[in-house]
Amino acid sequence: MRGYRQKLKKNGFKLTPGREAIIAFFSGKNHYATPETVWKEVRKSLPRLGLPTVYRNLEQMRKINILTQVDGAENRFYFGLCRAKNPGEHHHHISCQKCRRVSEVENCYLQSLTKEIKEKTGFQITGHKLQLTGVCKDCR
Ligand SMILES: [Zn+2]
Ligand SMILES: [Zn+2]
Ligand SMILES: [Zn+2]
């Protein structure tokens, strides 16, 4: 929890009970969840925490790379904990459809593809998103 506290502080946020509970929720099972699921769980220990606050906290912590957004089934969006050594560095995530574990893909393999697309389209490419979905080793 100490690392997260420092990270929040560096970005001008405090480790409030709400944020702490959210981080603890994700730390436990290594899975991703919808904001509603997080809220229902966290509310058990913090009954006064509202869903809008949970949304806001999730979004804030995503911006500072404590969390990552995972696009799941049915176009729902989920959050998961980013466990990269250097979370601020460009990287990707892979998630398990069965246990909802989120794993880090610390390298980007799209550099040469980006170059090729740039040549073909004439676009200056400023960014990309890549999220891999599959079934993890334990669930296979
Ligand atoms: Zn990550
Ligand atoms: Zn799995
Ligand atoms: Zn990349």
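The crossing of α3 and α4 is right-handed. The residues that make this contact are P35, V38, W39 and V42 on the α3 side, and L51, V54, Y55 and L58 on the α4 side. By class, the α3 with α4 contact has eight nonpolar, no polar and no charged residues. The axes of these two helices come within 9 Å and cross at roughly 120°. An angle from 65 to 115 degrees would count as roughly perpendicular; α3 and α4 are therefore oblique to each other. All of this describes a predicted model.

Helix α3, residues 35-42, also packs against α2. Here the axes come within 10 Å and cross at roughly 110°. That makes α2 roughly perpendicular to α3. From α2, the residues A21, I22 and F25 take part; from α3, they meet V38, E41 and V42. This contact divides into five nonpolar, no polar and one charged residues. Two packed helices are described by the angle between their axes and the distance between the axes. The table sets out the two pairs in those terms.

| Helix pair | Axes come within | Crossing angle | Residue classes in the contact |
|---|---|---|---|
| α2 and α3 | 10 Å | roughly 110° | five nonpolar, no polar, one charged |
| α3 and α4 | 9 Å | roughly 120° | eight nonpolar, no polar, no charged |

V38 and V42 of α3 take part in the contact with α2. V38 and V42 also belong to the contact with α4.

**The core**

In soluble globular proteins, nonpolar side chains tend to be buried together. In this model the largest nonpolar core has 22 residues. Those with the most contacts inside the core are I22, V38, V54, L58, L67 and F79. Two or more residues each come from α1, α2, α3, α4, β1 and β2. Strand β2 covers residues 77-81.

What does F79 touch, leaving aside its neighbours within four places in sequence? F79 is in contact with Y32, A33, P35, V38, L58, R62, L67, Q69 and V70. Among them, V38, L58 and L67 are also listed with the most contacts inside the core.

**Two loop residues**

F13 sits in the loop between α1 (2-10) and α2 (17-29). F13 and N57 are 44 residues apart in sequence, and their C-alpha atoms are 9.9 Å apart.

I64 belongs to the loop between α4 (51-63) and β1 (67-71). Neighbours within four places aside, I64 is in contact with K7 and N11. Its C-alpha atom is separated by 8.6 Å from that of P87, which is 23 residues apart along the chain.

**The whole chain**

The protein has five helices and five strands. From the N terminus, their order is α-α-α-α-β-β-β-β-α-β. Its C-alpha trace spans about 55 × 40 × 25 Å along the principal axes. Of the 140 residues, 21% count as buried. Among contacts with a separation of 6 or more, 46% come from residues 24 or more positions apart.

Definitions and conventions:
Residues numbered from 1 in each chain as written. Chains lettered and ligands numbered in written order. Predicted model: local features only at pLDDT ≥ 70, side-chain atom pairs only at ≥ 80, totals over all residues. Helix = DSSP H or I, 4+ residues; strand = E, 2+ residues; numbered from the N terminus. Buried ≥ 20, exposed ≤ 12 C-beta atoms within 10 Å, placed from the backbone. Contact = placed C-beta atoms within 7 Å. Axes fitted to C-alpha atoms, helices over the stretch in contact; angles between N-to-C directions. Parallel < 35°, antiparallel > 145°, perpendicular 65-115°, else oblique. Nonpolar A, V, L, I, M, F, W, Y, C, P; charged D, E, K, R; others polar. Core = buried A, V, L, I, M, F, W, Y, C linked by C-beta atoms within 7 Å. Left-handed = near helix turned anticlockwise from the far one by under 90°.
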